[in-house]
Amino acid sequence: MGLITWAVGPWGRLVPTHIAWYLIWVAAIAGLFFMIVHAIYVGIFAAPKKFAKNDSPAVVASIPERVPRHSLVARAFHWVMAISMFALLITAFLPKVGIKFDWVTYHWIAGIVLTVSILFHIFHTSFFLDFWSIWPDKIDIRDMKRRLLRSMGKEAPPPDRFAKYPLENKLYHAVIVLAGLAVIITGVFMMKRVDTYGIFTRNPYIFGDMTWGMMYVLHGLAGVGLIALIMVHIYFGIRPEKLPITKSMIFGYMSRDFYLEEHDPERWAVEKSSPPQEGYAPSDAD
Amino acid sequence: MAIIRDVMPAFDLLQPGSAADAQKLLQQHGDEAWVMAGGLDSFDWLKDRIKKPKVLVDLSGIDELKGIRTTGDGVQIGAMTTLTEIANHPEIKKNYSLLSDAVSLVASPQIRNQGTLGGNVSQDVRCWYYRDGWPCYRAGGNICYADTPVGRNREHAIFGADRCVAVHPSDSAPALIALDAKFVIQTPKGERVLDAEDYFVGPEYDITRINVLEPGYLLTAIRIPSTWAGAKFYFEKVRDRNVWDFPLMNVASAMVLSGGNIDRIRIAVSAVSPKPMRLKAVEDAVHGKPADATTGAMAGKLAVQGAVPLQFNAYKIPLMRNLVKRAIGGVQEATWA
């Protein structure tokens, strides 16, 4: 029972064809396992969060009641991407687990939507938002060490509050960037193999059998990885302590209390002039 | 890739004596079992060592799956009835000659003596690459070797290609669709009866299957209702040689005329797509019109709308246009004789 299925090509060469489909279940079980372990850890073992904070009354007074977090454009991108990702996972994997339907056309159309939305996201964050706000910085690394030591009962100064995004959020983003780029890049090439109604001219000869096989394997591995990643994302999205963040992805803002509790005004400056409902934070990268 | 020819892989041969036993065996062995009717398609796969089942369930000893009997509403043909028996059966020849005409053009006399109706409709698709064991989409891989700029695709599909461009080659299937036949299937949950056109599965739904049969399913009989008994029938098969050949295309139609106009019609073609195709749009378009060459020409043009030829099979478009034209106009001409 290998991770990859192999076949003998026309030239007698053993070539990979795709991943073994039981990996769908492995990914789903891994995602479920993570959620259970995390829920038990947070519910029973984890100590309450404690941050170093020393906000002056002037700073506190300057924070609006509703702190703008995600612009309308950023939220629209997130939900378009979410819908296309769900469509991709459903059309990719339901037929593999026995629910048969005409999936190929829906799959590549959803893939195009995802690709275009990601390209827009890269452009938007590069030129209109703070591109680096979603990537871990030195303070994140330092605070990660502090949090780990404190969680093990060892002496360490309390960590600072987060910038706009908690470190876990940044690490998740980095992993999903890798998986997302893997499925998008391989997926775009794979569109040369199916009928896309003229968008791509079919030409399976642009790569050899081995390259194509590896491409399908990479597409599949990243795809099943996304099953676990999306499961974990939804899990965190509905956890009570994360609901303010989830709501901010719907309504665009979070409360001042939550902001001051979890976020450091010196690391994530709120744009006070922005109207709460429509504005966006200058560091918005999501 | 087929390397060793003519020596079948080892398997357990099971020869049940009843349909119920066969269905239980198929259910017991699931996707490790291979169902063999006349063996003509099966032995190709097995001797080329492309299919390697652990268990082969041979249906040839099940008498209840053989024979033709008249029912209150038409005829019921056992799935293991030979094509020769169907071609020569008086009731079939008298009232359902579309089917006898179709099966009498299958391959050669020897093959018709051995081949069965169930096997003919359930045979796998035709494609050089797929049948030679190449790891194409249908075989579980991720490429279609036929649909490439230099792929040999003269015999392949002009409709319904969804990654796979192989064609369903059955001669009896379009005739059964035109006769509005019902396929009787024994499943682990009981008997299911399907319309003929619903028996076949296209690659857009499941690229690794050709029909609705799942592990544990057994096609037991085909019922032809009396609805079309004695109608005007037309069957034509075009092939490279006049015996022992698969169709490049075939067409089957059943028409009921009223005052020279088409009152009811069913028409289907095979070898144009990965599953036999009922031409519903044509049926609707010619309803109420005279069964003549003008209507036939209009129907032919309509039939090929949406056809997408491959590198070497564009000839199939005029071929289909003319076969459909003759299927409608030809019946009228036959009455003049």
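Buried residues account for 28% of the 286 residues in chain A. The model under discussion is a predicted one. Along its principal axes, the C-alpha trace of chain A spans about 75 × 45 × 35 Å. Chain A contains nine helices and four strands, and from the N terminus on these elements follow the order β-β-α-α-β-α-α-α-α-α-α-β-α. Among the contacts in chain A with a separation of 6 or more, 75% join residues 24 or more positions apart.

The buried residues of H3(A) are Ala74(A), Ser84(A), Met85(A), Leu88(A), Thr91(A), Ala92(A) and Phe93(A). These residues cover an arc of only 165° around the axis, so they lie on the same side of H3(A). The face turned away from this buried side carries the exposed residues Leu72(A), Trp79(A) and Phe86(A). What covers the buried residues of H3(A) includes helix H1 (23–45), helix H4 (104–127) and helix H7 (209–238) of chain A.

Helix H4 of chain A may be examined in a similar way. Its 24 residues should span 34 Å at 1.5 Å a residue, and its end C-alpha atoms are 35 Å apart, which agrees. Within H4(A), the residues His107(A), Trp108(A), Ala110(A), Gly111(A), Leu114(A) and Ser117(A) are buried. The buried residues of H4(A) pack against H3 and helix H6 (167–190) of chain A.

The discussion now turns to the nonpolar cores. The largest nonpolar core has 121 residues, of which Leu98(B), Leu99(B), Leu176(B), Leu179(B), Val272(B) and Val324(B) touch the most other members. H7(A) gives the most to this core, with ten residues. Apart from this core lies another, of six residues, among them Ile245(A), Tyr253(A), Met254(A) and Tyr259(A). What surrounds Val272(B), leaving aside its neighbours within four places in sequence? Val272(B) is in contact with Ala157(B), Ile158(B), Phe159(B), Val167(B), Met249(B), Met277(B), Lys316(B) and Met320(B).

Chain B also provides an example of a sheet. Strands of a sheet pair through backbone hydrogen bonds, either parallel or antiparallel. In chain B, an open sheet of five strands has the order E4-E5-E8-E6-E7, with antiparallel pairing. Its edge strands are strand E4 (68–71) and strand E7 (190–195) of chain B, each of which pairs on one side only. From one strand to the next, the twist averages 25°. E4(B) and strand E5 (residues 74–78) of chain B pair in the antiparallel sense over four bridges, and Thr71(B) stands opposite Gly74(B) in E5(B). Helix H1 (residues 19–29) of chain B lies across strand E6 (182–187) and strand E8 (218–224) of chain B, running at about 135° to E8(B).

Arg49(B) is found in the loop between helix H2 (40–47) and strand E3 (55–58) of chain B. Arg49(B) counts as partly exposed because it has 17 C-beta neighbours inside 10 Å. Although Arg49(B) and Asp6(B) are 43 residues apart along the chain, their C-alpha atoms are separated by 8.2 Å.

Notes:
Residues numbered from 1 in each chain as written. Chains lettered and ligands numbered in written order. Predicted model: local features only at pLDDT ≥ 70, side-chain atom pairs only at ≥ 80, totals over all residues. Buried ≥ 20, exposed ≤ 12 C-beta atoms within 10 Å, placed from the backbone. Helix = DSSP H or I, 4+ residues; strand = E, 2+ residues; numbered from the N terminus. Arc of directions from axis to C-beta. Contact = placed C-beta atoms within 7 Å. Core = buried A, V, L, I, M, F, W, Y, C linked by C-beta atoms within 7 Å. Pairing = 2+ DSSP bridges. Axes fitted to C-alpha atoms, helices over the stretch in contact; angles between N-to-C directions. Expected span 1.5 Å × (residues − 1).
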